[in-house]
Amino acid sequence: MDIWLADNDGHLVQKETGKLDTRLLPGSYVVEFGLGTQTYPINLSADSRYTQAEIEAGPTCPRPEVKLAPLYTAKQGQYLAFIFYFTKIHGQSPSEAEMQRYFRVTPPSVHQMVVALEAKGLIARTPGMGRSIKLLLSRAELPDLE
């Protein structure tokens, strides 16, 4: 288990696996048992009130479940799925005009979607080169095309 120790300003002071060294300078710190879990404040005085065994024991309360935000919206997922299947069938990525026809939207809407997908790191493209969209996700990470 990773144990992260940070000072009150959020600066990482120590990261250990399994054991946390309590021979730090006296002060206030925050301990986190695994990245993204609940934090626990501790104060280390000259004679620490926490023994090494107490710190190694970890928290006694249940850890909250960490839920990650989805990588993309439902609509963005449909564009990604379309790009995947179009490329698989035709051997090249779709043009913005082909996406416009499929989704029945305006050219600016398609372009904004392509720019948004690129900004999120879901696709890559070569500026000035047509049909250069490359998916940066695997098929398993894509929804089914509706």
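Leu117 touches Gln76, Tyr79, Leu80, Leu122 and Ile123, with residues up to four places away in sequence not counted; contact here means heavy atoms within 4.5 Å. The model is a predicted one, in which local features need pLDDT of at least 70 and side-chain atom pairs count only at pLDDT 80 or more, while totals for chains, interfaces and linings use all residues. Residues are numbered from 1 along each chain as its sequence is written, and side-chain values use heavy atoms, with hydrogens and water left out.

**The nonpolar core**

Leu117 also belongs to the largest nonpolar core, which has 18 residues; Tyr79, Leu80, Met99 and Leu117 touch the most other members. Such a core is a set of buried Ala, Val, Leu, Ile, Met, Phe, Trp, Tyr and Cys residues joined through side-chain atoms within 4.5 Å. Buried stands for under 20% relative accessible area, exposed for over 50%, and partly exposed for values in between (1.4 Å probe, protein chains only). Two or more residues of this core come from each of α2 (74–90), α3 (96–103) and α4 (107–119). The greatest contribution to this core is that of α2, with 6 residues. In soluble globular proteins, nonpolar side chains tend to be buried together.

**Overall architecture**

The protein contains 4 helices and 6 strands. Helices (H or I, at least four residues) and strands (E, at least two) are DSSP runs, numbered from the N terminus. In order from the N terminus, the elements are β-β-β-β-α-α-α-α-β-β. Of the 146 residues of the protein, 30% count as buried. Among contacts between residues at least 6 apart in sequence, 44% join residues at least 24 apart. The accessible surface amounts to about 9600 Å², and carbon and sulfur atoms account for 56% of that surface. Accessible areas were computed by the Shrake-Rupley method with a 1.4 Å probe; for residues, only the protein chains shown count as cover.

**Packing of α2 against α4**

Two packed helices are described by the angle between their axes and the distance between the axes. The axes of α2 and α4 come within 11 Å and cross at roughly 90 degrees. That angle makes α2 roughly perpendicular to α4, a term for angles of 65 to 115 degrees, whereas angles under 35 count as roughly parallel, over 145 as roughly antiparallel and the rest as oblique. Axes are lines fitted to C-alpha atoms, for helices over the stretch in contact, and angles run from 0 to 180 degrees between N-to-C directions.

On the α2 side, the residues in contact are Lys75, Gln76, Tyr79 and Leu80; they meet Val110, Met113, Ala116 and Leu117 in α4. By class, this contact has 6 nonpolar, 1 polar and 1 charged residues. Ala, Val, Leu, Ile, Met, Phe, Trp, Tyr, Cys and Pro count as nonpolar, Asp, Glu, Lys and Arg as charged, and the others, Gly among them, as polar.

**Gln78 and Phe103**

Gln78 lies in helix α2 and is buried, with a relative accessible area of 13%. Beyond its neighbours within four places in sequence, Gln78 is in contact with Phe103, Pro143, Asp144, Leu145 and Glu146. Phe103 is part of helix α3. With neighbours within four places set aside, the contacts of Phe103 are Gln78, Tyr79 and Phe82.

**Separations along the chain and in space**

| Residue pair | Separation in sequence | C-alpha to C-alpha distance |
|---|---|---|
| Phe103 and Gln78 | 25 residues | 9.3 Å |
| Arg125 and Val115 | 10 residues | 9.6 Å |
| Pro107 and Ala97 | 10 residues | 7.0 Å |

Arg125 is located in the loop between β5 (123–124) and β6 (134–135). Arg125 is partly exposed, at a relative accessible area of 28%. Outside the four places on either side in sequence, Arg125 is in contact with Glu96, His111, Val114, Val115, Glu118, Ser132 and Ile133. Pro107 is found in helix α4 and is partly exposed, with a relative accessible area of 47%.

**Residues with positive phi**

Most residues other than glycine have a negative phi, and most peptide bonds are trans. Arg104 has a positive phi, near 55 degrees. Arg104 is in the loop between α3 and α4 and counts as exposed, at 77% relative accessibility. Arg131 likewise has a positive phi, near 50 degrees. The loop between β5 and β6 holds Arg131, which is partly exposed with a relative accessible area of 32%.
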